Amino acid sequence: MSDPYGRTWWGRKWWRALETIGLNYPDQRIVKGRALAGHGAVTGMSIEPGKVSGRVSDTNGTFETEIRIPVYNASAWAAGMTALSLSPSCVAGLLAGRLPKRIDDVLAETGMRLLPKKFVTEDHNRITASCPCADNREVCAHIMALALVSAAKMDDDPWLVLLLRGGPTRDLAGRLRAARVASMDAAQPV
C-alpha cells in the first residue's frame, strides 16, 4: 500500500519540512498525526500564500492549527520565472503539470527555495507552526496531521506549492514564455 501523504516528491518534502522546526523522524507525533489525518480529523483546511490552516479534532477538542512560511515578492518571482524559463527540464515538467525535481536547484540560483530544507538558515526557509493544544512543542500531532493532509492536497495540485510561496498559479505557460522572451530581449545587443 502506498503512502497517501506525500505520494510525490514535493508532497513528501512538504510534510518532512517540519523537521526544520523540531520534528525528528521517527517520532510519536508522526504516528499520532497520521492516525488523526487518516480518521478525517482535519477539516476546513485552506492553503493560501504563506499559510496552511485548518481545524484538527481529537478526544481533547478541536484546535485551530496553522503552518506559516514566508512568501516571495513579485520581483523575486519574476527572477525565478526567468530562471525556470531557461531550464528545459523545468519548462517541460511545469507544462506537464508537475514540479520538476530540479525546480529548487534552479530557483536557488535566484535566492529562492520552494520547500524548506533542513539545516538551511535563510529567512525564506523558516516555517513556523501554531496550535493551542497542551503539547508545548512547536510541532504537535495536530500540526503533523495538518501537514500530512495538506501534502496529499499538494500531491494532487502542485500549483498549491507555488501558491503557498506567493507564486504564480495561472497561465504558467504564458508566464514562462514571457519570461523567456524578456530574457532573450535583454541579451540582444543594441
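Q: How many helices and strands does the protein chain have?
A: You'll find 8 helices and 4 strands in the protein chain; both are DSSP runs numbered from the N terminus (helices: H or I, at least four residues; strands: E, at least two). By the way, this is a predicted model, where local features need pLDDT of at least 70, side-chain atom pairs count only at pLDDT 80 or more, and totals for chains, interfaces and linings use all residues. Residues are numbered from 1 along each chain as its sequence is written, and side-chain values use heavy atoms, with hydrogens and water left out.

Q: What pattern does the protein chain follow along the sequence?
A: Reading along, you get α-α-β-β-β-α-α-α-β-α-α-α.

Q: What makes β1 and β2 a pair?
A: Two strands pair if DSSP finds at least two bridges between them. Strand β1 (residues 42-48) and β2 have 5 bridges, in the antiparallel sense, so they pass. V42 stands opposite V56 in β2, and I47 has V52 in β2 as its bridge partner. Their hairpin has 2 residues between the strands, and G50 takes a positive phi near 85° there.

Q: How do you know that β2 and β3 pair too?
A: Count the bridges: β2 and β3 have 8, again antiparallel. One of the links is G54 with its partner T65 in β3. A hairpin of 2 residues joins β2 to β3.

Q: Which strands are called edge strands?
A: First, the sheet: 4 strands form an open one, in the order β1-β2-β3-β4, with antiparallel pairing. β1 and β4 (128-130) each pair on one side only, and that makes them the edge strands. From one strand to the next, the twist averages 15°.

Q: What lies across β1, β2, β3 and β4?
A: That's α6, running at about 60° to β1. Such angles run from 0 to 180 degrees between N-to-C directions, with axes as lines fitted to C-alpha atoms, for helices over the stretch in contact (heavy atoms within 4.5 Å).

Q: Which residues of α1 are called buried?
A: In helix α1 (residues 9-16), W9, W10, G11, W14 and W15 are. Across the protein chain, 47% of the 190 residues are buried.

How values were computed: Buried means under 20% relative accessible area, exposed over 50%, partly exposed in between (1.4 Å probe, protein chains only).
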